[in-house]
Amino acid sequence: MHTFLFDILPETGHIRITLQLALLLNEQGNEVYYTDSSDSVFTSGLLEKGVGRILYPDDLRWFTPDLVLLDYHLQAKAAFYHKRKIRFVYLTASQLGETASPKVPVISLPPSAYSISLTSPRMEQLLERVPTLKDDPSHVLIVGLLEEGEPGRHTKKFYEVVKNCCMANSRYQLILLTHDAEMVQNLFPIPENMAIYRLLDLPALLPLCDVALTTGNLNTLIESVYAGLPMVTYPSPAHTEHRSNAMKYVNAGLGMYADIRKTTPRKFGQQIEEILNNRERFRESSQQTQRLFDRENKNLERVADRLLALITTTRL
């Protein structure tokens, strides 16, 4: 039996790609932990499944894992583990076949449909309401996921743009998911075809929608692909990772790239119509991408074997 510690950027998408590997290692009889700095919506579910949690950095004064699985975006922490002579390897998402720099030891994990259930009474209320939002076949159900991760400073202004577009076009039925009440408080009163909810479990909701609005956050991109849902991406100009994610998925034919700073109500409407006019093409691309990710996930046991081998060797 060995001990593994996941030290991951506390964004839902970053944690999500590690879930299957963490549970696989745990099922093989190893001790598996996440740092408290990796807390996410999945923490309680992981604890229930026997995956532990340690305090970073305090617990590492007495706890020495055999191997740390360090998020590639947390390279600044490498010095900490080097100083304590704790072996580590980087993890990153293998987005659409792309890997990180070969100059650094990196293991790429594929996105998957796997998640830990986050159902709640609030989620059930929303799912009950969705059919009434789409009671007219001409209605277009749009879900706004712009706050999955840290919202950019242009988000508040963009919400006004979307609101104005909904006021001008009753076909659009917008569900805006938010975790920041202050971000949306100035939107009220809102039109009847616009609803605001706190961020909720996405797998049950997204397949019922027609279009997703996203910043390029990894989790919403993965969820949208597995829901077969085309996206309009609005990454913050200051968020390098989100811009990169968005371009990869758009280049794979999964949606459109738009400038959140320059989008007006008229342009927003045009973006939605372009998505709708090409939805079959986007759906086919989603299915192809799902198959690609699923093929890569079949090799997850090999990844686990590679990690176990790392513990007993001095080279990657």
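Biologist: Which residues line the largest cavity?

Modeller: Happy to start there, with the reminder that this is a predicted model. The lining of the largest cavity consists of Ile 15, Tyr 34, Thr 35, Ser 38, Asp 39, Ser 40, Thr 43, Leu 46, Leu 47, Val 51, Gly 52 and Arg 53. About 70 Å³ of space lies inside.

Biologist: What makes that space a cavity?

Modeller: A 1.4 Å probe fits there but cannot get out, so the space counts as a cavity. Three cavities reach 30 Å³ or more.

Biologist: Which elements supply at least two residues each to the lining of the largest cavity?

Modeller: They are strand E2 (31–35), helix H3 (43–48) and strand E3 (52–54). H3 contributes the most, with three residues.

Biologist: Why is E2 called largely enclosed?

Modeller: Buried means under 20% relative accessible area. Four of the five residues of E2 are buried, so the rest of the structure largely encloses this strand.

Biologist: How do you know that E2 pairs with E1 and with E3?

Modeller: Two strands pair if there are at least two bridges between them. E1 and E2 share four bridges in the parallel sense, and E2 and E3 share three, also parallel. Both counts meet the cut-off of at least two, so both are pairs. As examples, Thr 3 has Glu 31 of E2 as its bridge partner, while Thr 35 stands opposite Ile 54 in E3.

Biologist: What makes strand E7 mostly covered?

Modeller: Six of the six residues of E7 (residues 140–145) are buried. Val 140, Ile 142 and Gly 144 point one way, Leu 141, Val 143 and Leu 145 point the other way, and all are buried.

Biologist: Which strands pair with E7?

Modeller: Strand E8 (residues 172–178) runs parallel to E7 and is joined to it by five bridges. Strand E10 (residues 211–214) is also parallel to E7, over four bridges. In E8, Leu 174 is the bridge partner of Ile 142, and in E10, Leu 213 stands opposite Gly 144.

Biologist: How do you know that the length of helix H12 agrees with its number of residues?

Modeller: H12 (residues 300–311) has 12 residues, which at 1.5 Å a residue should span 16 Å; the end C-alpha atoms are 17 Å apart, so the two agree.

Biologist: Which residues of H12 are buried, and why are they said to be on the same side?

Modeller: The buried ones are Leu 300, Val 303, Ala 304, Leu 307, Leu 310 and Ile 311. They cover an arc of only 115° around the axis, so they fall on the same side of H12. The face turned away from that buried side carries the exposed residues Glu 301 and Arg 302. Among the elements covering the buried residues of H12 are strand E1 (3–7), helix H2 (19–27) and helix H11 (279–297).

Biologist: What is the arc for the buried residues of helix H9?

Modeller: The buried residues of H9 are Glu 241, His 242, Asn 245, Ala 246, Tyr 249 and Val 250. Their arc is only 155° around the axis, which puts them on the same side of H9. On the other side, Thr 240 and Asn 251 are exposed. The cover over the buried residues of H9 includes helix H8 (218–227) and H11. Just after H9, Gly 253 takes a positive phi of about 80°.

Biologist: Why is Lys 85 called exposed?

Modeller: Exposed means over 50% relative accessible area. Lys 85 has 77% relative accessibility, so it counts as exposed. Lys 85 sits in the loop between helix H4 (78–83) and E5, and has a positive phi of about 55° although it is not a glycine.

Notes
Residues numbered from 1 in each chain as written. Predicted model: local features only at pLDDT ≥ 70, side-chain atom pairs only at ≥ 80, totals over all residues. Heavy atoms only, no water. Expected span 1.5 Å × (residues − 1). Buried < 20%, exposed > 50% of the residue type's maximum accessible area, 1.4 Å probe, protein only. Arc of directions from axis to C-beta. Contact = heavy atoms within 4.5 Å. 1 Å grid on protein atoms, 1.4 Å probe; cavity = no way out; pocket = protein on both sides within 12 Å on 5 of 7 lines; lining within 4 Å. Points joined across faces, edges and corners; volume = space filled by probe spheres on them.
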